[in-house]
Amino acid sequence: MDNIDIRELRIISYIAIIILVLMFFNSFLGDISFRLTYMNAKPNTTTSTVLDPKNDYPIQKDIPEKEQRFIKVRTNKSKIYAVKTMAEYSITGHVVATNTNFFLRDVMRTPFDEVCLMDIGLVWGEIADKNYVKKHLKFKSTKTLGQARRLSVSTGDYNAMPYKWNYVSSHMSHTHLIPGSVNVMSALLKIKKNDIVKLDGYLVDIYTDKGDVVALTSLSRYDKDSTSRGYGACEDMYVTQVQIGNKIYK
């Protein structure tokens, strides 16, 4: 290999490094912009109602086809999508995981990422207990290098678990959240692990402005895999109201 070839390889390497640095810098700036946009959550009201995820199970009311409607969603990048209301939905849960850290947010963004700005893992029923989760279960919400956004669950000594996997899997959800307003998204970003929260809104299917399907939501708490309606049993939720403690955000 002569000197010209070596110089060309060095130039290509320098260019690749510069591009990589710019990609990470752009992603870093994008995340800062995202956080600044949704940093000022203001409660609309307060309530004396105490949230109880052990007894408050998800409430779903399917919407008849003739009453389903489309809601326009404008993203941070000024792109337009539409969500179709499939069911009214309210869920109270113990937070076991949250995720807005989508790798290279502005580089590897998919249409789904444009619309669903946050993922949350929730549990309810008998496992909605901080000590129980800490002892027996470990949750993590992640996004892969592709499009998949998953809630992984690992267990300790399975035989020591008082509630077996069938019960656990039907009392947990990984919900992809679409904020109904800037204030709602700002409130969602305040949610931390082990918080008790209530989310109200709709389970929705997601479409582009041309009518192409982006994603279909799960409509069941009992589906478990990629053969389900939600391509993995996840709920896509258009959130109109958030309750954290005694504060309600709309």
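Asp113 counts as buried, because its relative accessibility is 6%; buried here means under 20% relative accessible area, exposed over 50%, and partly exposed in between, with a 1.4 Å probe and protein chains only. This is a predicted model, in which local features need pLDDT of at least 70, side-chain atom pairs count only at pLDDT 80 or more, and totals for chains, interfaces and linings use all residues. Residues are numbered from 1 along each chain as its sequence is written, and side-chain values use heavy atoms, with hydrogens and water left out.

Back to Asp113. Asp113 forms a salt bridge with Lys143, with 3.6 Å between the closest N and O atoms. By salt bridge I mean a side-chain nitrogen of Lys or Arg within 4 Å of a carboxyl oxygen of Asp or Glu. Asp113 sits in helix H2 and Lys143 in strand E6, residues 137-143, so this pair links distant parts of the chain, 30 residues apart. Helices (H or I, at least four residues) and strands (E, at least two) are DSSP runs, numbered from the N terminus. Lys143 is buried as well, at 13% relative accessibility. Through shared partners, salt bridges join Asp113, Asp119, Lys143 and Arg149 into one network.

The structure holds 7 salt bridges in total. Another is Lys79 with Glu114, where the closest N and O atoms are 3.5 Å apart. Lys79 lies in the loop between strand E3 (70-74) and strand E4 (80-99), and Glu114 in helix H2 (residues 111-115), so the pair ties together parts 35 residues apart in sequence. Glu114 is buried, with a relative accessible area of 6%, whereas Lys79 is partly exposed at 43%.

Then there is Lys54 with Asp129, whose closest N and O atoms are 3.8 Å apart. Lys54 is in the loop between E1 and strand E2 (59-62) and Asp129 in the loop between strand E5 (118-123) and helix H3 (130-136), so this bridge ties together parts 75 residues apart in sequence. Both partners are partly exposed: Lys54 has a relative accessible area of 30%, and Asp129 has 25%.

Next, strand E8. How many of the residues of strand E8 are buried? The count is 8 of the 8, residues 172-179, so the strand is largely enclosed by the rest of the structure. In a regular strand the side chains alternate between the two faces of the sheet. Met172, His174, His176 and Ile178 point one way from E8, and Ser173, Thr175, Leu177 and Pro179 the other way.

Which strands does E8 pair with? Two strands pair if DSSP finds at least two bridges between them. E5 and E8 pair in the antiparallel sense over 6 bridges, and Asp119 stands opposite His176 in E8. E8 and strand E11 (residues 235-244) run parallel, joined by 5 bridges. There, the bridge partner of His176 in E11 is Asp236.

Phe25, Phe28, Leu29, Ile32, Leu36 and Met39 make a nonpolar surface patch of about 630 Å². Patches are made of residues with over 30% relative accessible area and no salt bridge; like charges are joined within 9 Å, nonpolar side chains (Val, Leu, Ile, Met, Phe, Trp, Tyr) within 5 Å. Areas come from the Shrake-Rupley method with a 1.4 Å probe; for residues, only the protein chains shown count as cover. Met39 lies in the loop between helix H1 (3-37) and strand E1 (45-46), and counts as exposed at 58% relative accessibility.

Last, the whole protein. There are 5 helices and 12 strands, and buried residues make up 46% of the 250 residues.
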